[in-house]
Structures are given as structure tokens and as C-alpha cells.
Amino acid sequence: MDWIEQLFGISPDAGLGTLEALIAGALVAVVLGITLAIRAQRSRAAQKRS
């Protein structure tokens, strides 16, 4: 996991990969949050219809 080093030519975390892991985790959290929000909205809409 050294795509930041390869892409930008800098090593903000001394090559440990922690920044890349943090970014990947944040992206997963955002996608999961959006997915759960959409599911909750659809569930509330279905309850209102019935």
C-alpha cells in the first residue's frame, strides 16, 4: 500500500502505509454510510405506503 508514494512522490507516513489504510477505511465508511442511509430511507417510504 504505497500508492501515495508512487503517485505523488512523497512519503507522509514514512512508507508505513498507515495513511493509505486510513484513506481506504474512510472511503469504506462513507460508502457504508450512504448505503445504510439509502436503505433506511427506502424502508421508511415502504412503511408509509402500507
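Start by selecting Ala14, which sits in the loop between H1 and H2; helices here are DSSP runs of H or I with at least four residues, strands are runs of E with at least two, and both are numbered from the N terminus. What you have open is a predicted model, where local features need pLDDT of at least 70, side-chain atom pairs count only at pLDDT 80 or more, and totals for chains, interfaces and linings use all residues. Residues are numbered from 1 along each chain as its sequence is written, and side-chain values use heavy atoms, with hydrogens and water left out.

Stay on Ala14 for a moment. Its phi is positive, about 60 degrees, although Ala14 is not a glycine. Most residues other than glycine have a negative phi. Ala14 counts as exposed because its relative accessible area is 64% (buried means under 20%, exposed over 50%, partly exposed in between, with a 1.4 Å probe and protein chains only).

Next, select Asp13, in the loop between H1 and helix H2 (18-49). Which side chain of opposite charge is nearest to Asp13? That is Arg39, 32 Å away; Lys and Arg count as positive, Asp and Glu as negative, while His and the chain ends are not counted. Asp13 is buried yet has no salt bridge (a side-chain nitrogen of Lys or Arg within 4 Å of a carboxyl oxygen of Asp or Glu). To see what surrounds Asp13, show Glu5, Thr18, Leu19 and Glu20, its contacts once neighbours within four places in sequence are left aside; contact means heavy atoms within 4.5 Å.

Now move to Leu7, in helix H1 (residues 3-8). Leu7 counts as exposed, because its relative accessibility is 56%.

Then pick Gly25 in helix H2. Gly25 counts as partly exposed because its relative accessibility is 39%.

Finally, zoom out. The protein has 2 helices and 0 strands, and its C-alpha trace spans about 55 × 15 × 10 Å along the principal axes. Of its 50 residues, 10% count as buried.
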